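Student: I have a structure open and would like to talk it through with you. Can we take it topic by topic?

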Amino acid sequence: MRTIWINFQIQFARLLHDFDPMKLLTSILFMIVIGSCVSDDGNDQSSGVIIKESIYAQTETDNYTITEASIEGDILNVTIQSSGCDGSLWEAKLVDSGAIAESYPVQRFAKVSLTNTEMCDAIVTRSFTFDITPLRVEDQLYLNLEGWDGQLHYDF
């Protein structure tokens, strides 16, 4: 990407020296195309976890279905299915209750909060990832994710 940017700067400098409206238009279009290239694998990573009992208690989970859930390293992977257009406007957050069940390993309780403002009736599937390092206590835990059958083992 850096090489492309340097080449663009060189071409732009040449363009200013030998002004030609068609070359200017072409360079501007090239810049727009390069600037709009964004790598998107369909996963959105949350910046963290909300750990607050009052928010956990208010978080509704009836507007989606969890179709997949797993923990890889410090990342919780969750695939959600809900109605919508394409899922591009969905916002997901992981909300932990703050409660720790004293067992071995300890257990934590979490919900995915999905904000879905899309007004289409298509069934859409989208994956989200969450950095769950703030949930660490002791050396491992079981995560009880509402809407997912079974516990997710988090070993760190």
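Student: What handedness does the link of cysteine 85 and cysteine 120 have?
Tutor: The link of cysteine 85 and cysteine 120 is right-handed, with 75 degrees about the S-S bond. These two cysteines form a disulfide, with their sulfur atoms 2.0 Å apart, where a disulfide is a pair of cysteine sulfur atoms within 2.5 Å. Please keep in mind that this is a predicted model, in which local features need pLDDT of at least 70 and side-chain atom pairs count only at pLDDT 80 or more, while totals for chains, interfaces and linings use all residues. Residues are numbered from 1 along each chain as its sequence is written, and side-chain values use heavy atoms, with hydrogens and water left out.

Student: And where in the chain do cysteine 85 and cysteine 120 sit?
Tutor: Cysteine 85 is in the loop between strand S4 (75–84) and S5, and cysteine 120 is in the loop between S6 and strand S7 (122–131), so the pair links distant parts of the chain, 35 residues apart. Strands here are DSSP runs (E, at least two residues), numbered from the N terminus.

Student: Is cysteine 85 buried, exposed or partly exposed?
Tutor: Cysteine 85 is partly exposed, with a relative accessible area of 37%, and cysteine 120 is also partly exposed, at 29%. Buried means under 20% relative accessible area, exposed over 50%, and partly exposed in between, using a 1.4 Å probe and protein chains only.

Student: New topic: what is the strand order in the open sheet of five strands?
Tutor: The order is S2-S5-S6-S8-S9, with mixed pairing, and two strands pair if DSSP finds at least two bridges between them. Strand S2 (49–51) and strand S9 (152–155) stand at the edges with a single partner strand each, so one side of each has no neighbour in the sheet.

Student: How do S5 and S6 pair?
Tutor: Strand S5 (residues 91–101) and strand S6 (residues 106–115) pair in the antiparallel sense over eight bridges, and glutamate 91 stands opposite threonine 115 in S6.

Student: Last one: which residues form the aromatic pair?
Tutor: Tyrosine 154 and phenylalanine 156 form a tilted pair, 4.6 Å centre to centre and with 55 degrees between the planes. Rings of Phe, Tyr and Trp (its six-membered ring) pair if their centres lie within 6.5 Å, and planes under 30 degrees apart count as stacked, over 60 as edge-to-face and the rest as tilted. Tyrosine 154 is buried at 1% relative accessibility, whereas phenylalanine 156 is partly exposed at 28%.

Note on methods: Helices (H or I, at least four residues) and strands (E, at least two) are DSSP runs, numbered from the N terminus.
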